[in-house]
Amino acid sequence: MSATEVRARGPAGPAAVLGTGSAVMLIIGVVVGAGIFKAPSMVAGMTGSVEWMFGAWVLGGVISLIGALCYAELTTTWPHAGGDYHFLRRAYGPTVSFLFAWARFSVIATGSIALLAFVFGDYMQQVLPLGTWGPSLWAAIAVLALWGVNARGILAGTSTQSWLTTLEVGGLVLLVAAALWLLGASTPAAPVAAPPAATPSLGAFGLAMVFVLLTYGGWNEAAYISSEMRTQRDIVRALVWSILLITALYLLVNWAYLRGLGFAGMARSEAVAADLMRAAFGNTGDKLISVLVAVAAITSMNATMIVGARTHYAVGRDWPALRTLALWDGQRGTPVHGMRLQNVTALLLVALGAATGGGFRAMVEFTAPVFWLFFLLTGVALIVLRRREPDRERPFRVPLYPLLPLVFCATCAYMLWSSLSYVYSQSLGGFNAAWIGVAVLALGFVLLAVVRARSAAPAVSPAAL
């Protein structure tokens, strides 16, 4: 459907304008971020052998696919611009869903945009330095530039996403090419095999999976465009195909690191992608890897910006006191006020990160515990809604129910525990940004009381939606 046709329709809410290809590009763009340029060396060191290392990445793909199947049932049964917010409201009522919406606005989506902006800024500073405040300036420039693109409309945003994702995947292919170049060079390749090692401990392998799953994270954002898909089967295909493609890419990139650096070199590397590119292309490799990581970060930023503001639109429809957020630009297919609020907040978080000097690390601490808490609640919501609404038509059902949803929920619970443990260990040395995230979430209870008083609570019950 052309942009002219969308303008002609001018719907008051989301229009079905997206196909499988656009959704796949968006999901890959969200998931494939800076993690794949850093996490593989840490996973190699924690697993201790080639077999266990690849096993961890395959397992990460399998767990992500299980989660995607759970979301496929939720999104095809209740397609809605609110995504997780809508599922939580149906399962637990307006209080939990409102707190999620507040967390998504103040911590999850906006925090992710700011986090990715700092990654972009850190690496662009290596290519084009802008002085002492360069990383923060580049981060702010990225937010403003993508805001301008997405303000033009959903078709402009997804078209940009397709180009950015293509560049990003091309960057990963370049890493594979670097390994092949080294294999064909006259210098002997580094030994691939790891020294004989015992099976990693449960704790070591579990910690490796934390980094693997963080690198796979983000595919659930597809829920927020479920009501804009041309058919609901498209969202199922998009989720499954994107996870399969991402898993294949990750395995190829790990193979490239392994062949180019050897297992020992890969495991001890502090910047595994940079080391591979430097080994293949010399000093030029340093600039290339900076550009690759910057492209990966801005690709994920754009995708997050597209889906993030849609929760605000859903909240505005449910709560009269926040009805200004429900304004939807029918010509452009965007939640006008929701996007403006999201991006202004992301800029404020960039300023916070610059002021505290924490940058990327501060944004990770800020987002992780809250994100995994609500991810777990969404997984449990699938089981709750199966029991509460057994007769509801479900275009897609999770196979092997309830086994697969329980595996997904257990994984989310473990990641929540791991992120809380990390926050606790970091806080022993002093204050960190995670406590700001917790305080902001607590503030949501106060805001909820105010909104309830001004809205007289939502008039529609979750069961009636």
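A salt bridge is defined here as a side-chain nitrogen of Lys or Arg within 4 Å of a carboxyl oxygen of Asp or Glu. The model is predicted, so local features require pLDDT of at least 70 and side-chain atom pairs count only at pLDDT 80 or more, while totals for chains, interfaces and linings use all residues. Residues are numbered from 1 along each chain as its sequence is written, and side-chain values use heavy atoms, with hydrogens and water left out.

**View 1. The salt bridge between Arg-386 and Glu-73.** Across the whole structure, the search finds eight salt bridges. In this one, the closest N and O atoms of Arg-386 and Glu-73 are 2.8 Å apart. The pair links distant parts of the chain, 313 residues apart, with Arg-386 in helix α15 (residues 359-388) and Glu-73 in helix α4 (residues 50-77). Helices (H or I, at least four residues) and strands (E, at least two) are DSSP runs, numbered from the N terminus. Both Arg-386 and Glu-73 are buried; buried means under 20% relative accessible area, exposed over 50%, and partly exposed in between (1.4 Å probe, protein chains only). A network of salt bridges links Glu-73, Arg-386 and Arg-394.

**View 2. The salt bridge between Glu-228 and Arg-310.** The two side chains meet at 2.7 Å, N to O. Glu-228 lies in the loop between α9 (202-216) and α10 (232-268), and Arg-310 in helix α13 (residues 310-318), so the pair ties together parts that are 82 residues apart in sequence. Glu-228 is buried, with a relative accessible area of 1%. Arg-310 is also buried, with a relative accessible area of 1%.

View 3. Asp-275 counts as partly exposed at 25% relative accessibility, and Arg-278 counts as partly exposed at 36%.

**View 4. Cysteines Cys-70 and Cys-409.** With a disulfide taken as a pair of cysteine sulfur atoms within 2.5 Å, the count comes to zero disulfides. Cys-70 is in no disulfide, and the nearest cysteine sulfur, that of Cys-409, is 6.9 Å away. The sulfur of Cys-409 is 6.4 Å from the closest cysteine sulfur, in Cys-412, which is too far for a bond. Cys-70 is buried at 2% relative accessible area, and Cys-409 is buried at 8%.

**View 5. The largest cavity.** On a 1 Å grid over the protein atoms alone, a cavity is a set of points where a 1.4 Å probe fits but cannot get out, and lining residues have an atom within 4 Å of a point. Grid points are joined across faces, edges and corners, and a volume is the space filled by probe spheres set on the points. The structure holds four cavities of 30 Å³ or more, and the largest has a volume of about 90 Å³. Its lining residues include Ile-63, Leu-213, Trp-372 and Cys-412. The elements giving two or more residues to this lining are α4, α9, α15 and α16 (403-427); α16 gives the most, with three residues.

**View 6. The second largest cavity.** This cavity has a volume of about 60 Å³. Among the residues lining the second largest cavity are Asp-84, Arg-104, Glu-221 and Phe-375. Helices α6 (94-127) and α15 each supply at least two residues of the lining.

Methods
On a 1 Å grid over the protein atoms alone, a cavity is a set of points where a 1.4 Å probe fits but cannot get out, and a pocket is an open set with protein on both sides within 12 Å along at least five of seven lines; lining residues have an atom within 4 Å of a point.
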